[in-house]
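Here are a few exercises to work through with the model open. Try each task before you read its solution.

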Number of protein chains: 2
Amino acid sequence: MSTATDAFVQSNQERFLEELKTFLRIPSISTLPEHRGDIARAAQFVADSLAGAGLENIEIIPTAGHPLVYADWLHAPGKPTVLCYGHYDVQPADPLELWQSPPFEPELRNGNLYARGACDDKGQMHMHVKAIEALRAVHGALPVNVRFLIEGEEEVGGEAIAKYVAENPEKLRADVALVSDTELYADGIPTLCVGLRGLVYAEVEARGPVRDLHSGLFGGVAPNAVFGLVELLSKCKNAGGKILIPGIYDDVEPPSPEEKESWSRLPFNEKQFLKNEVGSTRLTGESGFSVQERIWARPTFEVHGVAGGFTGAGAKTVIPAVATAKVSIRLVPNQDPDKVVAAFREFVKKKTPKGIRTEVRVLSASPGLKVNPDHPAIHVAATALSEVFQKPTVFIRLGGSIPIVGDFAHHLGIPTVLMGFGLPDDCLHSPNEKYKLDNYYKGIMTIAHFFEKYGA
Amino acid sequence: MSTATDAFVQSNQERFLEELKTFLRIPSISTLPEHRGDIARAAQFVADSLAGAGLENIEIIPTAGHPLVYADWLHAPGKPTVLCYGHYDVQPADPLELWQSPPFEPELRNGNLYARGACDDKGQMHMHVKAIEALRAVHGALPVNVRFLIEGEEEVGGEAIAKYVAENPEKLRADVALVSDTELYADGIPTLCVGLRGLVYAEVEARGPVRDLHSGLFGGVAPNAVFGLVELLSKCKNAGGKILIPGIYDDVEPPSPEEKESWSRLPFNEKQFLKNEVGSTRLTGESGFSVQERIWARPTFEVHGVAGGFTGAGAKTVIPAVATAKVSIRLVPNQDPDKVVAAFREFVKKKTPKGIRTEVRVLSASPGLKVNPDHPAIHVAATALSEVFQKPTVFIRLGGSIPIVGDFAHHLGIPTVLMGFGLPDDCLHSPNEKYKLDNYYKGIMTIAHFFEKYGA
């Protein structure tokens, strides 16, 4: 652990913060066409920052969507190569009236920097750049080889980067990827994420009569598309949260006893979680599994939305012709998305009620992922984290998906260090997004130490 | 049967048609505020027509909504009194591009008069007025006492008339009501409707977490409002169409063997019905009951619409906080709507999945109705129909509801003769609404004969 690097970060805190604020002032909202110019400005800002940190071969790569930014520094022969990933695009800021300060005018309050993108992911991505800058300033060179690949479409599906990674495995060759787009388990607890769930997302459409029928004239004999869909969906999962699609649990790999044991030691207050985060009358899901297991290590079936028939004010007595649901199955490591899709299609076919025709449209299918906790980069990352935070690093999983991690595994054959410094209450995608300034600086130091130790 | 009345109708066909066309040119769409002036014009047209037919005590009665029109002729002492009901308001005409001729420029094609309201209900209501006119012209007086009560809100719920009937039973005193807002079983088949289903209509709202949650971060432990609603609704009815709410069938009065037998003799082609009217792969519903029984004489549970969570394009992985369904239970004679509402509320309470909170909002509750086929007015109406159509009158029921019939029964204590002359393909509420001209004239004659015979 180089105290020189820490000293450099400390003496440059103010400048780093000002640079980050400049970055945050660019409203690079990827989903809104009117912000295309801001997207271009943000990509240029990233390219300039990378150049300023001493990286080379800077490219702004046009794509069918928003540009990628590439850079590298490859002058540490014999040392491992780290591929740093981040994204410069952000979510829309509405509802604007709920922001305490304007989303694109960063404001410091109580040690937190408030702005859209402060944490997700401009602030976290910026840490990588500043860590490189610190190392170059202190050592004159980097302890490892690095590549940067930064995208501008993460909030809208990340199609361009997925294509680019698939088509350029040679150019992106690395030993490990580093992604800072996750959070600490809780403030002050150094955290590595070593597992992600995958996702099969589909639309299910049910059709009954050829058009909406009058329920007085046809009620009793005509199939009802909404009720048909209701019948079908109700068969997908029982009241205990068990998915009823045959074979769905066949390949589920349970967490190791050590991992389960480590989860049980995490600070967790179920009452507080229910009250403050879920806000319902009780938690649900499979009995015999802890909350962490249910969220991190069990497949789930969810209906994300449903629409059909008359939903305006008042009463209309139609037998609806068509109804649609958005559903997903979250996958855990070792489950094959294609197999799950096939099982779901077969199930829908078999369970479609009489008189109803159904169609399943699969929108995406990605596997769950596990990072080998014994990988040297993980060991090094855990140590760097522990040293900066002065506490043992905890290993958790994430119940959601980060598709790029799968792309790195699949196309580049490399694991990813998921080392993020956000907090559970950072309000990502919501009004008043923030990033705790202390975690921004600690993140820069931790990442610098990670590079130092990984190159040692 | 007075041939003089028929002769008068025949010799005045052209004038009657022109008058009806004038009526149809008024776009009296009750649901659109911009047509308030047209509503007033239509009410005035009705009042003028009634005056022209020789009725007295004409009133245009202001209400909280659209005006009622009242008139009477009470100079047949010792004779029964008939309360004629109809409505001068119409449904909106959109989608306009599907009309072959403009909806408010009546056009005669192939013996049919095309216009919004041609059948529902301006054309049918107009028959009552013209029958009165014919009788007065031929006999100088009417064979019975008559009252007219015409409303302008039938297509938007009919609140004003319901209130008026409840508050003015003395003023509306009559022996029987006459409503021509139904159809013939098939063209050429004289038809009386002697049963209606009632309707309990409700919204069911389900709430899970306090706000939409990320299904990656909470999937597996957080209750899902959409799935909760799906689970609940799926328990209301089984795949065989049987309603599973306890007690729901307790008071169901089966049709008499004679009525069932008469239904079995009605011309009906199930294959054609499935193909041309329902347009699905098969009919559904309770086994052991004919199609007519299922539609006319069995309670049904339908979901008219459902909404919740994310339903836009693409994928969004939320666990929805709230979901709503519109549902109804159709009632048959002898079922008590209040009892059914209570049973449904209790069922929802009991079957609400864990972690979900539900609320039932009842929007309306009206009973099913049966007209005693042995009532003298029904006998007379059946005879008048048979004579004009030269065929035996068939007795059917209607699977839908006509709330005013319930109001007449409840507040005035009188049965209703449901004698309509529309056809199943008249496209009520749809583009290209029509009324077969021959049925318009036959209707005037039949109604005139009904009055003659009822007064004899």
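**Exercise 1.** Find which residues of helix 1 of chain A meet helix 4 of chain A, and sort the contact by class.

*Solution.* Keep in mind that this is a predicted model. Start on the helix 1 side of chain A: A:Ala4, A:Thr5, A:Phe8 and A:Val9 do the touching.

**Exercise 2.** Work out how helix 1 of chain A is oriented against helix 4 of chain A.

*Solution.* Pick out helix 1 (residues 3-11) and helix 4 (residues 122-139) of chain A; their axes lie 9 Å apart, at an angle of about 120 degrees. Angles of 65 to 115 degrees count as roughly perpendicular and those over 145 as roughly antiparallel, so helix 1 of chain A is oblique to helix 4 of chain A. As for handedness, the crossing of these two chain A helices is right-handed.

**Exercise 3.** Describe the side of chain B that touches chain A.

*Solution.* Count first: 70 residues of chain B contact 70 residues of chain A. Next, look for the main contributor on the chain B side: strand 11 of chain B gives the largest share, 9 residues. Helix 7 (225-234) and strand 13 (322-331) of chain B are among the elements supplying at least two residues each. By class, that side of chain B splits into 30 nonpolar, 27 polar and 13 charged residues.

Finally, zoom in on strand 11. The chain A copy (residues 300-309) pairs with strand 11 of chain B in the antiparallel sense, over 5 bridges. For a spot check, go to A:Gly308: its bridge partner in strand 11 of chain B is B:Val306.

Key. Residues numbered from 1 in each chain as written. Chains lettered and ligands numbered in written order. Predicted model: local features only at pLDDT ≥ 70, side-chain atom pairs only at ≥ 80, totals over all residues. Axes fitted to C-alpha atoms, helices over the stretch in contact; angles between N-to-C directions. Helix = DSSP H or I, 4+ residues; strand = E, 2+ residues; numbered from the N terminus. Parallel < 35°, antiparallel > 145°, perpendicular 65-115°, else oblique. Left-handed = near helix turned anticlockwise from the far one by under 90°. Contact = placed C-beta atoms within 7 Å. Nonpolar A, V, L, I, M, F, W, Y, C, P; charged D, E, K, R; others polar. Pairing = 2+ DSSP bridges.
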